[in-house]
Amino acid sequence: MDNPIFNTRNKKEYPPMHTAEHIINQAMCRLFGTGRSTGAHIEWKKSRLDFFAPNTMGDIEAKQLEDEVNRVIALDLPIKYVVTTRSEAEQYDVDLSRIPKDSSEAVRIVLVGDYDSCLCIGSHVEHTGQIGHVEIYSHDYYPEEQRWRMRYRLSGEDPKYQE
């Protein structure tokens, strides 16, 4: 696809934290069947993600998630990009439902090795080893909303991404 046009971004992500978000989302899908996050606030020093979780999530699940995410990071998987059309994107098993109807026909798919594929036009590391270590430092489960909120931070990320 020659010279694709994407919607403009109003934010510049911190690549290690943003790429960790992709891995966390896929790990939640694989470990707990939650689907991807329903809400996010991704920042340089700390971030949070909300997930629809019909079952109580607690310390055991947070530890399982943290271990899985750090296992994937340690694989040092390459981050690759595929630019394609919405209709062709379906072959990559990505969720097209969040794309605004008035957005461009071109989409960019971010591939985290063979672990995750997701529509995204944000900034990412070149390979997962640059993320460092993910620590889930707090979490809360809201049973009335069936929502699990987890908060995480990074340590040991590649210095070239630090401000």
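**Entry 1**

The model is a predicted one, in which local features need pLDDT of at least 70 and side-chain atom pairs count only at pLDDT 80 or more, while totals for chains, interfaces and linings use all residues. Residues are numbered from 1 along each chain as its sequence is written, and side-chain values use heavy atoms, with hydrogens and water left out.

I then counted the bridges, since two strands pair if DSSP finds at least two bridges between them. β4 and β5 run antiparallel and are joined by four bridges. I found a hairpin formed by β4 and β5, with three residues between them; in its turn, glycine 113 has a positive phi of about 50°. On the β3 side, seven bridges pair β3 with β4 in the antiparallel sense. Leucine 111 in β4 is the bridge partner of lysine 80.

In what order do the three strands of the open sheet stand? The order is β3-β4-β5, with antiparallel pairing. β3 (79–85) and β5 (116–119) are at the edges with a single partner strand each, so one side of each is left without a neighbour in the sheet. From one strand to the next the twist averages 25°; axes are lines fitted to C-alpha atoms, for helices over the stretch in contact, and angles run from 0 to 180 degrees between N-to-C directions.

I next examined burial (buried means under 20% relative accessible area, exposed over 50%, partly exposed in between, with a 1.4 Å probe and protein chains only). Seven of the seven residues of β4 are buried, so this strand is largely enclosed by the rest of the structure. On one side I listed Ala106, Arg108, Val110 and Val112, and on the other Val107, Ile109 and Leu111; both faces of β4 are covered.

**Entry 1: nonpolar cores**

I searched for nonpolar cores, each a set of buried Ala, Val, Leu, Ile, Met, Phe, Trp, Tyr and Cys residues joined through side-chain atoms within 4.5 Å. The largest has 33 residues, of which Ile24, Leu65, Trp148, Met150 and Tyr152 touch the most other members. Two or more residues each come from α1, β2 (47–52), α2 (59–74), β4 (106–112), β6 (133–142) and β7 (147–155). Which element gives the most to this core? It is α1, with six residues. Apart from this core I found another of eight residues, including Val82, Ala89, Val94 and Val107.

I located threonine 34 in the loop between α1 (15–32) and β1 (39–41). Is threonine 34 buried or exposed? At a relative accessible area of 12%, threonine 34 is buried. Neighbours within four places in sequence aside, threonine 34 is in contact with Met28, Cys29, Phe51, Phe52 and Ala53.

Alanine 40 is in strand β1 and is partly exposed, at 40% relative accessible area. Beyond residues up to four places away in sequence, alanine 40 touches Glu21, Arg48 and Leu49. I also computed its separation from asparagine 70: 30 residues in sequence and 20 Å in space, C-alpha to C-alpha.

**Entry 2: rings and charges**

Rings of Phe, Tyr and Trp (its six-membered ring) pair if their centres lie within 6.5 Å; planes under 30 degrees apart count as stacked, over 60 as edge-to-face and the rest as tilted. By this rule I counted one aromatic pair. Tyrosine 14 and tryptophan 44 form this edge-to-face pair, 6.0 Å centre to centre with 75° between the planes. Tyrosine 14 is in the segment before α1 and tryptophan 44 in the loop between β1 and β2, so the pair ties together parts 30 residues apart in sequence. Tyrosine 14 is buried, at 8% relative accessibility, whereas tryptophan 44 is partly exposed, at 34%.

A charge sits over a ring if NZ of Lys or CZ of Arg is within 6 Å of the ring centre and within 35 degrees of the ring normal. I found the charged end of arginine 30 over the ring of tyrosine 115, 4.0 Å from its centre. Arginine 147 lies over the face of tyrosine 142, 4.3 Å from the ring centre.

**Entry 3: positive phi**

Most residues other than glycine have a negative phi. I noted a positive phi near 55° at aspartate 93, which is in the loop between α3 (86–89) and β4. Aspartate 93 is exposed, at 68% relative accessible area. Glutamine 146 has a positive phi of about 50° and lies in the loop between β6 and β7. Glutamine 146 is partly exposed, at 30%.

Note on methods: Contact = heavy atoms within 4.5 Å.
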